[in-house]
Amino acid sequence: MKTNKTHFKLIWFGFPVTKLVYAYLAYSNQKEINNSFQMLSLVFLLIGITTSCVSMLLSKKIYKKSFYENKIVTSFLSRQAASNEDTALSAIFSLFAMLLGLAESAALFGFVQYIMTGNLIVAGILFAFCFIAWIFNYPSNQDSEEE
């Protein structure tokens, strides 16, 4: 399917703006840095890394017809991706946004755990995973990948 990548790239390039907001809010909070590893920090680290890795692993699969027409995937999209090009593009865009949301959750978990515990190391690790997942989700060649 031949698609217009403008919306995909616009969303992708706008993605780091929220991370700047998180960094500003963390900086302006004046939280005392406490880099001891508490259970809460480790739980948030595990959840953030998991969501980032899922986003990275699925980043290129969403463009394949066999993936977005899968019964499990269509249950998340709440509609059947038909052979119609517009419906397929809509399904791919929804999956793209979901994967960026999974990457975003890593930064959000890092920010929240920093505000709660003051652990800057875990926050830095989660922000790094968020940006790596963001790079993996660059809108790839979306031309027909029929399987």
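Predicted model: local features only at pLDDT ≥ 70, side-chain atom pairs only at ≥ 80, totals over all residues.
**N119 and its neighbours**

I started at N119, which touches N34, N35, S36, F37, S41, Q113 and Y114, leaving out residues up to four places away in sequence. Contact here means heavy atoms within 4.5 Å. N119 is found in the loop between α6 and α7. Helices (H or I, at least four residues) and strands (E, at least two) are DSSP runs, numbered from the N terminus. Is N119 buried or exposed? N119 counts as buried because its relative accessibility is 0%. My cut-offs: buried is under 20% relative accessible area, exposed is over 50%, and partly exposed is in between (1.4 Å probe, protein chains only).

Residues are numbered from 1 along each chain as its sequence is written, and side-chain values use heavy atoms, with hydrogens and water left out.

**Y114**

Next I looked at Y114, one of the residues that N119 touches. Y114 lies in helix α6 and is buried, at a relative accessible area of 8%. Not counting residues up to four places away in sequence, Y114 touches A26, K31, I33, N119, L120 and A123. I also checked Y114 against E32: they are 82 residues apart in sequence, yet 9.6 Å apart in space, C-alpha to C-alpha.

**Overall layout**

I stepped back to the whole protein. I find seven helices and zero strands, so I read the element order from the N terminus as α-α-α-α-α-α-α. Of the 147 residues, 38% count as buried. Among contacts with a separation of 6 or more, 79% come from residues 24 or more positions apart.

**The core**

Which residues touch the most other members of the largest nonpolar core? They are F15, I62, Y68, L95, F96 and L100, out of 29 residues in that core. For the record, a nonpolar core is a set of buried Ala, Val, Leu, Ile, Met, Phe, Trp, Tyr and Cys residues joined through side-chain atoms within 4.5 Å. Two or more residues each come from α1 (6-14), α2 (16-29), α4 (65-68), α5 (71-77), α6 (85-117) and α7 (120-136). The most come from α6, which gives twelve residues.

**α3 against α7**

I then looked at how α7 packs. Helix α3 (residues 39-58) and α7 have axes that come within 9 Å and cross at roughly 10°. Axes are lines fitted to C-alpha atoms, for helices over the stretch in contact, and angles run from 0 to 180 degrees between N-to-C directions. The two helices are therefore roughly parallel to each other. The labels go like this: under 35 degrees is roughly parallel, over 145 roughly antiparallel, 65 to 115 roughly perpendicular, and the rest oblique.

On the α3 side I listed S41, F44, L45, G48, I49, S52, C53, S55 and M56, and on the α7 side V122, I125, L126, F129, C130, I132, A133 and F136. By class, the residues of this contact divide into 13 nonpolar, four polar and no charged. Classes: Ala, Val, Leu, Ile, Met, Phe, Trp, Tyr, Cys and Pro are nonpolar, Asp, Glu, Lys and Arg are charged, and the others, Gly among them, are polar.

**α2 against α7**

The α2 and α7 pair has an angle of about 170°, and the axes are 11 Å apart. That makes α2 and α7 roughly antiparallel to each other. P16, K19 and Y22 of α2 meet F127, C130, F131 and W134 of α7. I get six nonpolar, no polar and one charged residues for this contact.

**The salt bridge**

How many salt bridges does the structure hold? I found one. The cut-off is a side-chain nitrogen of Lys or Arg within 4 Å of a carboxyl oxygen of Asp or Glu. E104 pairs with K19, with the closest N and O atoms 2.3 Å apart. E104 lies in helix α6 and K19 in helix α2, so the pair ties together parts that are 85 residues apart in sequence. Both ends are buried: E104 has 15% relative accessibility, and K19 has a relative accessible area of 2%.

A97 is in helix α6 and counts as partly exposed at 39% relative accessibility. A97 and I11 are 86 residues apart in sequence and 8.2 Å apart C-alpha to C-alpha. M98 is also in α6, and is partly exposed at 37%. M98 touches F76 and L77, not counting residues up to four places away in sequence.
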